[in-house]
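Trainee: Could you take me through this model step by step, so that I can see how each answer is reached?

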Amino acid sequence: MSHQETIGRSAHKINPNKAPIDPSRATPEGKYKHLGIWIFLGSETVLFASLFGTYIALKNSTAGGPTTQDLYGLELVFLMTLLLLTSSLTSVYAIYHMKNNNFKKMQLWMGITGLLGLAFLACEIYEFAHYITDYGFTFRSSAFGSAFYTLVGFHGGHVIFGLSWLIVLMMRNAKRGLDTYNAPKYNTFALYWHFIDVVWVFIFTVVYLMGMVG
Amino acid sequence: MSATTTQKRGLGTVIWDYMTTVDHKKVGILYLLFGGIFFLMAGVQALLIRTQLITPENDFVSAGLYNELITMHGTNMLFLAAMPLFFGLMNYVMPLQIGARDLAFPFLNGVGVWLFIFGGLLMNSSWFFGGAPDAGWTNYAPLSTQSPGHGVNFYVLGLQLAGAGTIISGINFIATIVLMRGPGMTYMRMPLFSWTTLVTSILILFAFPAFTIALFLMQFDRMFDTAFFDIALGGNSIIWQHLFWIMGHPEVYILVLPAFGIFSEVIPTFSKKRLFGYTAMVFATFLIAFLGFMVWAHHMFTVGLGPVANALFAIGTMAIAVPTGIKIFNWLLTMWGGSIKITTPMLYALGFIPSFTIGGMTGVMLGSTVADYQFHDTYFVVAHFHYVIIGGSVFGILAAVHYWWPLMFNRMLSEKLGKLEFWLFFTGFHLTFFIQHFLGLMGMPRRYWVFLENQELDLGNLISTIGAYLMGIAVIVLLINVVLSYFKEPAPRDPWDGRTLEWAVPNPTPYYNFKHTPLTRGLDPLWIEKMEGDGKIKPAEPLHDLHMPYGSILPFLMSLGFTIASFGFIYQLDGPHGRILIYIGMAFAIGCMIVRSLKDDYGYNIPKEVLEKEDD
């Protein structure tokens with residue numbers, strides 16, 4: 001580690017005249033966090049892979065209860081997919097503005113990301129409530145019910161965690177602007193958020209699309 | 001942390017220091033301390049098991065207690081003793097070996113160690129809360145879902161916490177090795193112990209999440225009446241076996257690869273030769289890790305996965321013998337023609353090679369599907385995995401403790417007592433487990449509480465129990481050695497005439513590790529300087545201010561919060577008061593996370609002027 005890097009560990013306001021190309025990786029901490037979140041997401045992949053495996057093994061074990069074809073409707077799921085994928089795009093805009101050292105626009109796009117995430121979450125809560133009240137389908141109904149709610153619920157839990165993280169992050173830094181201390185935090189959040197979207201793409205395919213065909 | 005400084009300060013200060021530490025050396029010592037405590041507990045449990053089996057139809061312990069003992073012995077040894085002891089060594093030694101001043105995420109390191117400690121304490125507290133887990137360390141469903149009482153709930157939540165700590169540490173080690181190697185420390189100059197730390201961490205990263213999910217499913221089934229393993233509602237108990245062994249098989253490589261790394265440090269040091277076939281050793285480590293992920297179903301040959309699956313997994317299993325064989329030959333060739341010095345660590349290395357080879361041979365035997373139908377669930381299996389785990393991992397840990405003790409605690413362990421300990425342990429180990437191969441071949445099943453008289457099992461079991469007591473005595477000798485070392489003179493720097501960077505730091509290790517960032521000029525950097533230079537590591541850059549992280553109590557409090565919530569999850573089964581504990585615990589833990597997010601932690605600088613006054 002060179003001298004510059006070592007003292008770079010503390011936060012620096014970004015000088016617009018010689019702004020770093022990527023403030024999220026201007027300090028050693030930023031670099032560590034960037035790699036660390038990628039490694040963490042690697043282990044999250046195995047976490048979700050295990051849940052997908054369990055779901056695939058149990059999706060036809062309905063024990064006389066509702067089946068995948070009885071339950072799923074693609075209209076709502078399409079809307080949820082739209083919301084979450086768009087939120088990924090808006091977080092890309094936010095990071096784009098971070099790299100241009102434009103804090104206000106970054107906060108704005110991060111805020112939109114959060115709102116889209118909230119909308120997604122609302123749809124998911126509606127979906128679960130719908131299954132429970134209209135079909136009596138709970139995570140105690142059958143092995144399929146357990147596997148469905150655990151897989152989709154784990155994803156929903158990740159969304160809730162991500163939203164809480166984002167809210168704390170945005171509120172904490174609202175008045176201080178961008179510096180090399182908080183830029184890595186936004187960057188790691190954005191990567192985490194993309195990961196949640198990727199998992200949803202697989203849920204959309206494996207759970208809903210495959211569920212429609214039986 | 002040297003013993004001399006501890007004497008000057010009050011006990012309270014020292015405890016507070018360790019509770020708030022984010023220094024990789026102190027975290028390492030915490031791992032060693034608590035791993036050691038769990039090791040002793042699991043060892044006592046083993047002695048109780050062997051005492052029960054000393055004579056036929058013994059009634060020393062009840063059948064139920066016997067089940068609890070075997071479960072706790074296995075779980076403690078694997079998850080709370082062997083792995084944390086390795087983590088302690090990795091934490092302490094790996095950053096020194098690669099020329100780093102700390103891990104990449106010091107705060108997370110604190111979180112990891114406290115999650116492990118609290119998880120371990122939670123699981124072991126089950127003895128006082130109505131009974132320990134009793135479904136075996138593998139905790140197979142539906143035995144575990146049907147197990148009455150809270151025992152298995154303690155298993156599930158204790159391991160969930162400890163497992164989370166393990167994943168966190170794994171991420172930390174990988175990021176550290178990838179990004180924080182000192183100048184000149186290229187990948188192919190890294191000491192083998194650092195290499196195996198990296199590969200072990202990769203294994204942890206991809207293996208443990210499967211277990212996290214398995215534990216969640218078990219928790220939901222036991223606590224919230226889901227149906228994952230409930231056949232009546234369409235569940236499938238084989239899912240547990242798959243998820244468990246997807247973690248469980250890489251786990252045995254997580255336990256043995258660091259030991260391989262340790263022996264790859266010890267053997268060159270005491271043979272005065274560089275490691276033979278360094279590149280092949282690195283390659284073999286990766287190959288073992290890679291193959292280790294694809295063989296989990298060899299624990300499930302008798303489940304009925306079908307001949308194709310069984311055949312593929314059998315071939316994969318036998319293939320692992322190849323890279324392992326490469327390693328064995330490389331160690332032998334490292335010693336070939338070297339000027340060998342027999343010290344305690346070297347004795348363990350020499351004892352390891354034949355012991356582990358025997359364990360590897362029985363592993364190939366078990367890997368043969370047809371033969372496995374005979375061996376399955378007999379003492380042959382018990383003998384096999386104790387040969388690899390004691391002969392590999394425990395020998396490795398004991399070698400490392402003797403080897404790195406002067407580095408970590410600034411004292412030498414007595415060589416006389418160390419050699420006594422080795423011979424007691426080595427003899428006891430083979431006495432205990434060699435005979436068990438034959439007990440198993442004669443048909444003695446594992447996990448049984450008693451065996452019948454006059455079935456030619458009596459003598460074998462008696463011998464096995466005597467061996468176990470010899471191992472117990474060996475551990476007592478080690479403890480005496482540790483206590484005596486406290487009263488000795490401080491150890492000289494580099495007492496073994498070492499080859500790698502960790503021996504270049506002053507004794508006791510300064511809290512900032514290296515005053516000057518060390519320059520690595522090749523493999524075995526210190527040895528190169530001894531042979532071609534003045535024996536001192538060259539500074540890579542002029543002296544400058546060093547940046548250090550602040551300590552924090554938050555990791556401790558956060559883990560405490562999760563532990564309270566875990567008790568809540570267990571006791572919400574008995575009534576609503578448990579739910580209150582969940583809310584309190586989670587609010588506490590999440591509150592700590594929010595505090596961590598809101599409070600900036602820039603760390604502090606040690607000025608250059610202060611460093612100039614310190615020793616080199």
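What follows is a set of questions and answers on this model.

Mentor: This is a predicted model, in which local features need pLDDT of at least 70, side-chain atom pairs count only at pLDDT 80 or more, and totals for chains, interfaces and linings use all residues. Residues are numbered from 1 along each chain as its sequence is written, while chains are lettered from A and ligands numbered from 1 in the order in which they are written.

Trainee: What average pLDDT does chain B have?

Mentor: The pLDDT is the predictor's confidence in each residue, from 0 to 100. Over residues 1-6 of chain B the pLDDT is below 50, although 99% of the residues of chain B score at least 70. The average pLDDT of chain B is 94.

Trainee: Over which residues of chain A does pLDDT stay under 50?

Mentor: Chain A averages a pLDDT of 91, and 91% of its residues score at least 70. The stretch in question has 20 contacts beyond four places in sequence in the model, a contact being two residues whose C-beta atoms, placed from the backbone, lie within 7 Å. The stretch of chain A under 50 is residues 1-9.

Trainee: How many helices are there in chain A?

Mentor: Helices (H or I, at least four residues) and strands (E, at least two) are DSSP runs, numbered from the N terminus. From the N terminus on, the elements of chain A run α-α-α-α-α-α-α, and there are zero strands. The number of helices in chain A is seven.

Trainee: Which helix gives the most to the side of chain A that touches chain B?

Mentor: The contact takes 36 residues from chain A and 39 residues from chain B. On the side of chain A, α1 (3-7), α2 (28-58) and α6 (143-173) each supply at least two residues. With 15 residues, the helix that gives the most is α2(A).

Trainee: Why is B:Leu332 exposed?

Mentor: B:Leu332 is found in helix α12 (residues 321-335) of chain B. A residue is buried if 20 or more other C-beta atoms lie within 10 Å of its own, exposed if 12 or fewer, and partly exposed in between, with C-beta atoms placed from the backbone. B:Leu332 is exposed because the number of other C-beta atoms within 10 Å is 12.

Trainee: Which residues does B:Phe263 touch, not counting residues up to four places away in sequence?

Mentor: B:Phe263 is among the residues that touch the most other members of the largest nonpolar core. Not counting residues up to four places away in sequence, B:Phe263 touches B:Trp331, B:Ala349, B:Phe352, B:Gly396 and B:Ala399.

Trainee: Is α13(B) roughly parallel or roughly antiparallel to α16(B)?

Mentor: Helix α13 (residues 344-367) and helix α16 (residues 415-441) of chain B pack at an angle of about 10°, with their axes 10 Å apart; axes are lines fitted to C-alpha atoms, for helices over the stretch in contact, and angles run from 0 to 180 degrees between N-to-C directions. Angles under 35 degrees count as roughly parallel, over 145 as roughly antiparallel, 65 to 115 as roughly perpendicular and the rest as oblique. The angle therefore makes α13(B) and α16(B) roughly parallel.

How values were computed: A nonpolar core is a set of buried Ala, Val, Leu, Ile, Met, Phe, Trp, Tyr and Cys residues joined through C-beta atoms within 7 Å.
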